[in-house]
Amino acid sequence: MTAVGAVMRRELRSYFVTPVAYVFLVIFLVLAGILTFYAGDFYERGQADLQPFFEMHPWLYLILVPAITMRMWAEETKGGTLELLLTLPLTLWQAMLGKFLAAWLFIGLALVLTLPIWITVNYLGAPDNGVILAGYLGSWMMAGTFIAIGACLSALTRSQVVAFILTALVCVLLILAGQQQVLDFFQGTLPRKVINGVAHLSMLRHFEAIARGVLDLRDLLYFALSMIGWLIAGVLLLDLKRTR
Amino acid sequence: MIETERLTRCYGSLTAVDALSIRVEPGQVLGLLGPNGAGKSTAMRMVAGFLAPTSGTARVCGYDVIREPLKAKRALGYLPEGAPSYGELTVREFLLFIVRVRGLKSDVAFRRFDDVVQRLQLEEVLGLCIDTLSKGLRRRVGLAQAILHDPPVLMLDEPTDGLDPNQKHAVRQLIDMMARDRTILISTHLLEEVHALCNRVVIIARGKLQADATPAELEQRSRYHGAVSFSAPGSGMSQEMLGRLPQVAAIEVDPLDGRITVFPKAGERILDAVETLLREQGLEVSEIQLERGRLDEVFRQITTSDAITAATPQESRA
């Protein structure tokens, strides 16, 4: 575990000595604020909850998470530090986990920094804080899934741009999979079972369920398994690179 | 100890390392020599566990790099080619990262850290970003990283590449100092380095082992081994006389500076005979030298005769 911690610390350190962390945090907080208050009609709805705030998160993550994860392995491959890292006494799993946890904690920090909006809504009214907490949890789980996807796809290539685009593409597909318009499009061509399956893959559906305050084990499991699955795929990709 | 056992690595149809078997014992400093693209780095990467062998295996201190990679990596200090490091970190942060990943106990770690920093003269740059350092300093940081855990086996891929003569000297001193009870494998294409550092040389070309000897043995294979060379103005006469000496096989004159090289017949020593003759002739010799043999010539001979069999015209011409 010390190796995982060491990789995680190093990774976090790299976020904060380069502008990456600050640029991310500022853009995330500004966009979250603007989108919630203007696009989300925070005041006009007249309800004391953070529904409009959380509704924006998938779209924020879509742009910002790939920006964090694209460098994760691509940069190490290109800069030659991958050789250094993989000849240190740690397993691919430990390296992957350390990097993943660093990014996940970092998004967690970004979420913590949005607490003023929670204070605001508590000042203005009497929201159900349990639901809000669930919203934060759901958002963080969803971010974790985005990061795992990004971590895997970053291992695929030495180009950060390619890693960014692939990650954003996969994420947008997973967000859109459950949208009614998309499902309607396939209505005639695919059997009902397949369409239902696709709908269940949708990240949005599971996130919205959690953000409504319904903590269903299946929704949490969806995110947990997605993360594990993508991380396994990433480790396998890295291992494949050693043999090819 | 490092052992490779028919270590092989293919990239598609290209065989970069071809059934390489080497064994390096503690106390040995083995120089892995070869032209660019000979497979030196690929072989080292497999021993370090970065690349998986296509077939064959390697052991570090008896630990198989395929079956017990973590134990093998713990016993090994490795400087990858180009000494990569995390440029955005400071030297201190980077070395502490290595300490943590290697899980060194804190009391040992502090002692080692101070010792290594002092040995490589990194005290003044500890707080600086690695990206801002000169090439030589970055190489030293890479070396520090490799020896931080006091490994019994050290593998350095071109440790002095790109350093200035003073830095080269410092790095060689360091390696020399560490050499006593350790197993050290360095790759290089600098032949002077072999003289300065290694007590054993392995030459590979096209992934295959071509020679395994001490530097002195390799020099003996040179045409120049035991030859006597001197510069003397107006020595046209004496050339003929020298040619008549029974021990002399051939005489060559450098067309540029007129320096004369006298080659002995196999097993003969000619320095005394040549000197005597020159004195008898009353020739003013500005300087006379007994050649030990030329490693670069042997190197070329070994690595290009292979190239000839593999039919690459531009290399055999050179």
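The sections below describe the interface, the domains, the cores, the strands and selected backbone features of this predicted model.

## Interface between chains A and B

The contact between the two chains involves 21 residues of chain A and 23 residues of chain B. On the side of chain A that touches chain B, at least two residues each come from α1 (2-17), α6 (81-86) and α14 (217-243) of chain A. The largest share, eight residues, is supplied by α1(A). By residue class, this side of chain A consists of nine nonpolar, eight polar and four charged residues.

## Domains of chain B

According to the domain assignment, chain B contains domain 1 (2-220 + 298-317) and domain 2 (228-291). The centres of domain 1 of chain B and domain 2 of chain B, taken over C-alpha atoms, are separated by 42 Å.

## Helix α5 of chain A

Helix α5 of chain A covers residues 71-79, and its buried residues are R71(A), M72(A), W73(A), A74(A) and E76(A). These buried residues of α5(A) pack against five helices of chain A: α4 (57-69), α6, α7 (92-112), α9 (129-156) and α10 (160-176). Just after α5(A) comes G80(A), with a positive phi of about 85°.

## Nonpolar cores

The largest nonpolar core comprises 140 residues, and those with the most contacts inside it are I147(A), A151(A), V47(B), A144(B) and M155(B). Helix α9(A) gives the most to this core, namely 15 residues. A second, separate core of ten residues includes A227(B), I260(B), V262(B) and V274(B).

What is A144(B) in contact with, leaving aside its neighbours within four places in sequence? The contacts of A144(B) are L95(B), V116(B), V117(B), L120(B) and L122(B).

Strand β3 of chain B, residues 29-33, is mostly covered, with five of its five residues buried.

Strand β3(B) is joined in parallel to strand β8 (residues 183-188) of chain B by five bridges. Within this pairing, V29(B) has I184(B) in β8(B) as its bridge partner. A further parallel pairing, of four bridges, links β3(B) to strand β9 (residues 200-205) of chain B. There, the bridge partner of G31(B) is V201(B) of β9(B).

## The antiparallel sheet of chain B

An open sheet of four strands in chain B has the order β12-β13-β11-β14, with antiparallel pairing. Strands β12 (248-253) and β14 (287-290) of chain B stand at the edges, and each has a single partner strand, so one side of each is left without a neighbour in the sheet. From one strand to the next, the twist averages 15°.

Strand β13(B) is largely enclosed by the rest of the structure, because four of its five residues are buried. Three bridges connect β13 (residues 260-264) of chain B with β11 (residues 228-231) of chain B in the antiparallel sense. Across this pairing, V228(B) has V262(B) as its bridge partner, and S229(B) stands opposite T261(B). The antiparallel pairing of β12(B) with β13(B) extends over five bridges, and V248(B) has P264(B) in β13(B) as its bridge partner. In the hairpin of β12(B) and β13(B), six residues lie between the strands, and G258(B) takes a positive phi near 70°.

Most residues other than glycine have a negative phi. A83(B), which is not a glycine, has a positive phi of about 45°. A83(B) is placed in the loop between β6 (76-79) and α3 (91-101) of chain B. Is A83(B) buried or exposed? A83(B) counts as buried, because it has 24 C-beta neighbours inside 10 Å.

D150(B) is another residue other than glycine with a positive phi, near 55°. D150(B) is found in the loop between α5 (135-147) and β7 (153-157) of chain B. With 15 C-beta neighbours inside 10 Å, D150(B) counts as partly exposed.

Key. Residues are numbered from 1 along each chain as its sequence is written. Chains are lettered from A and ligands numbered from 1 in the order in which they are written. This is a predicted model: local features need pLDDT of at least 70, side-chain atom pairs count only at pLDDT 80 or more; totals for chains, interfaces and linings use all residues. Two residues are in contact if their C-beta atoms, placed from the backbone, lie within 7 Å. Ala, Val, Leu, Ile, Met, Phe, Trp, Tyr, Cys and Pro count as nonpolar, Asp, Glu, Lys and Arg as charged, and the others, Gly among them, as polar. Domain bounds come from an automatic or database domain assignment. A residue is buried if 20 or more other C-beta atoms lie within 10 Å of its own, exposed if 12 or fewer, and partly exposed in between; C-beta atoms are placed from the backbone. A nonpolar core is a set of buried Ala, Val, Leu, Ile, Met, Phe, Trp, Tyr and Cys residues joined through C-beta atoms within 7 Å. Two strands pair if DSSP finds at least two bridges between them. Axes are lines fitted to C-alpha atoms, for helices over the stretch in contact, and angles run from 0 to 180 degrees between N-to-C directions.
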